[in-house]
Amino acid sequence: MDSAARRARVPLALALATVLVTAAALLAALAPRAHAAALTPVTSFGTNPGNLSLYTYVPDGLSADAPLVLLFHGCAQDAAAYHRHSGWAQAADAGGFALAYAEQKTANNANRCFNWFEPGDVARDSGEARSVRSMVEHTVSAHGLDADRVYASGLSAGGAMVSEVLSAYPDLFAGGSIVAGIPTGCASSMIDAFTCMNPGRTQTPQQWGDRVRAKNPGWTGSWPRVAVWHGTSDTTVAPANGTGSVRQWTDVHGISGSPTATESLPGSTTASYYGGADAASARVAHYSVSGLGHGTPVDPASGCGTAGAYFLASVCSTGYTAGFWGLADGPGPDPTDPPTEEPTEDPGSGECVRATNYDHVRAGRAVQRLGLAYAAGSDDPLGLWNVFVTTSLTETSAGYWENTPGAC
């Protein structure tokens, strides 16, 4: 080949090389990044007597000493479904914190429910509770997270498990969120569990509080801040359980069982704050969602989660929970009503009336549904609506009656 021909081929080779490099760069730009955050299984995380699975989600570029939120799915769900629908992934990306998902196995529970009703699975350092501790300790250590800012949230059986692990490990968790869940210590068997779910059990605040304290006799440290979410139309886990959880945790914190302040949130949600005038200062918050059934409240319209089985479009419970814990400013527009330093209801008479459930309903102190009686206002379950069951009701605010066994 003469020199003229060789000189002619050089520009062609350079041009071809340029095209190939450009194409490679374009493909690399379009391809998913290997380091992008994703839900990741953790095959080994330490002692695991509860035989649970762990998945983590760690946003890219997470700062050192970031918080951690541990999540518990509901029955018939798994970690992937909860991650996909609940809105916690978006909250973690925006707020700069890591997520860990506990996942139940059918080998432990045919319906994939966490065994919140089995004493051996909820006692400190036993069964599933011990597995949860391992999950937290491993994730904090593996990713350099802040051990003093660990939180837990869960739905239904997962919500019940949240209450149990908060009680078992107040030294491990700074806060929790119980979504359509059940108070600590309500059940000690599967048969008990169904009674707790609906219609629920009636206990005084101190009785509920004692069930938490019994898990850590002699504990003198601080207790986790707790948010309670419940729909008023939940027929799977009766709303009385939300009320019971509020009574339990206000008693544990040693604060008044009457809200310090209330405000209205989107999605027909009423937020009641106990031990503080707002979400930032309250020790316990009760978010009651009017008309909501059984599920996690999400708000797809605002980018908070997606609707699905047991993920109900209403309000961004994830965002407001993160705000309550101080991990975010909270979602959505400003509340429609400003917080009030005191409840807006007129004070009740404090009158205590002992009568049959039949007479309570006739007098307007209770209502009946499907042959069962419930206290007016609080919706505390009273048992069968007949002339044979006698209960004591106290009017704690105008038209708001609570079941108070032994009060009169």
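# Briefing on a predicted protein chain

The backbone oxygen of valine 246 lies 2.8 Å from a polar atom of the side chain of threonine 250. This is a predicted model, in which local features need pLDDT of at least 70 and side-chain atom pairs count only at pLDDT 80 or more, whereas totals for chains, interfaces and linings use all residues. Residues are numbered from 1 along each chain as its sequence is written, and side-chain values use heavy atoms, with hydrogens and water left out.

**The chain as a whole**

- Of the 408 residues in the protein chain, 49% are buried. Buried means under 20% relative accessible area, exposed means over 50%, and partly exposed lies in between, with a 1.4 Å probe and protein chains only.
- Among contacts (heavy atoms within 4.5 Å) between residues at least 6 apart in sequence, 64% join residues at least 24 apart.

**Nonpolar cores**

- A nonpolar core is a set of buried Ala, Val, Leu, Ile, Met, Phe, Trp, Tyr and Cys residues joined through side-chain atoms within 4.5 Å. In soluble globular proteins, nonpolar side chains tend to be buried together.
- The largest nonpolar core holds 51 residues, and Leu70, Phe72, Trp116, Phe173 and Trp249 have the most contacts inside it. Helix α6 gives the most to this core, with seven residues.
- Apart from that core lies another, of 36 residues, including Tyr57, Ala91, Ala180 and Trp229.
- Neighbours within four places in sequence left aside, phenylalanine 173 is in contact with Leu70, Val132, Val136, Val150, Tyr151, Ala152, Val165, Leu166 and Pro224.

**The second largest pocket**

- The second largest pocket contains about 370 Å³ of space. On a 1 Å grid over the protein atoms alone, a pocket is an open set of points where a 1.4 Å probe fits, with protein on both sides within 12 Å along at least five of seven lines; lining residues have an atom within 4 Å of a point. Points are joined across faces, edges and corners, and the volume is the space filled by probe spheres set on them.
- Its lining has 22 residues, and Cys75, Cys113, Ser156, Ala157 and Met197 lie nearest the centre of the pocket.
- Helices α6 (157–168) and α7 (190–197) each supply at least two lining residues, and the largest share, four residues, comes from α7.
- The lining comprises 15 nonpolar, seven polar and no charged residues. In this count Ala, Val, Leu, Ile, Met, Phe, Trp, Tyr, Cys and Pro are nonpolar, Asp, Glu, Lys and Arg are charged, and the others, Gly among them, are polar.

**Backbone features**

- Most residues other than glycine have a negative phi, and most peptide bonds are trans.
- Serine 156, in the loop between β5 (150–155) and α6, has a positive phi near 55 degrees. Serine 156 counts as buried because its relative accessible area is 12%.
- Alanine 76 also has a positive phi, near 65 degrees, and is placed in the loop between β3 (68–72) and α2 (79–85). Alanine 76 is exposed, with a relative accessible area of 64%.
- The peptide bond from asparagine 198 to proline 199 is cis, with omega near 15 degrees. Proline 199 belongs to the loop between α7 and α8.

- Glutamine 203 is in the loop between α7 and α8 (205–213) and is buried, at 14% relative accessible area. Its side chain is joined to that of arginine 211 by a polar contact of 3.1 Å. A polar contact is a pair of N or O atoms within 3.5 Å; within protein, one must be able to donate a hydrogen and the other to accept it, and residues adjacent in sequence count only if both atoms are side-chain atoms.
- Threonine 250 lies in helix α9 (residues 240–253) and counts as buried, at 3% relative accessibility. Beyond neighbours within four places in sequence, threonine 250 is in contact with Ile255, Ser256, Gly257, Tyr274 and Val284.
- Leucine 384, in strand β16 (residues 381–384), is partly exposed, at 49% relative accessibility. Leucine 384 and alanine 373 are eleven residues apart in sequence and 5.9 Å apart in space, C-alpha to C-alpha.
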